[in-house]
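Biologist: I have just started learning to read structures. Please walk me through this one, a step at a time.

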Amino acid sequence: MKVTVKYFAGIREAIGVGQELRETTAKTLAALRDELIAQGGAYAESLARGKAVRLALNQVMSAESVALTEGAEVAFFPPVTGG
C-alpha cells in the first residue's frame, strides 16, 4: 500500500526530507517504523527503538499498534515541551 510519511523537527533535519510517499507492506505503525529503521543511516538513528518518537495517523496521535490503511498520512516527531 502507499502511505504519506511526514517528518518533523529534528527527525526532518536528520533525514533531510519533510515528507515522502512510500510503498509499504507494514500493517501497523510499529511495522512501518521498523521498515524505516531497517533502511539504516539517518532513518535508523532518528527513529531507533528507545528514542522518544511520537506518531500520528491521519493527524491523530496514535499508538504504534494502530493499523495502517491505504493512503494514510503518518507523522513522526519528537516529543514537544512547552514553556
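**Sheet, helix and overall form**

Biologist: In what order do the strands of the open sheet lie?
Modeller: The open sheet has five strands with mixed pairing. Strands are DSSP runs of E with at least two residues, helices are runs of H or I with at least four, and both are numbered from the N terminus. Two strands pair if DSSP finds at least two bridges between them. The order is β2-β1-β5-β3-β4.

Biologist: Which strands stand at the edges?
Modeller: An edge strand here has a single partner, so one of its sides is left without a neighbour in the sheet. That describes β2 (19-23) and β4 (60-61).

Biologist: What kind of model is this?
Modeller: Residues are numbered from 1 along each chain as its sequence is written, and side-chain values use heavy atoms, leaving out hydrogens and water. Local features need pLDDT of at least 70 and side-chain atom pairs count only at pLDDT 80 or more, while totals for chains, interfaces and linings use all residues, since this is a predicted model.

Biologist: Which residue in β5 stands opposite Leu57?
Modeller: Strand β3 (residues 54-57) pairs with β5 (residues 73-77) in the antiparallel sense, over four bridges. Opposite Leu57 stands Val74.

Biologist: At about what angle does α2 run to β5?
Modeller: Helix α2 (residues 29-38) lies across β1 (2-7), β2, β3 and β5. Axes are lines fitted to C-alpha atoms, for helices over the stretch in contact (heavy atoms within 4.5 Å). Angles run from 0 to 180 degrees between N-to-C directions. For α2 and β5 the angle is about 65 degrees.

Biologist: How wide an arc do the buried residues of α2 cover?
Modeller: Leu29, Ala30, Leu32, Arg33 and Leu36 are buried, meaning under 20% relative accessible area with a 1.4 Å probe, protein chains only. They sit on the same side of α2, because the directions from the helix axis to their C-beta atoms span an arc of only 160 degrees.

Biologist: What do these buried residues of α2 pack against?
Modeller: Their partners include one helix, α3 (41-47).

Biologist: What is the radius of gyration of the protein chain?
Modeller: This radius is taken over C-alpha atoms, and the globule rule is 2.2 Å times the number of residues to the power 0.38. With 83 residues, a compact globule would come near 12 Å, so the chain agrees with the rule at 12 Å.

Definitions and conventions: Buried < 20%, exposed > 50% of the residue type's maximum accessible area, 1.4 Å probe, protein only.
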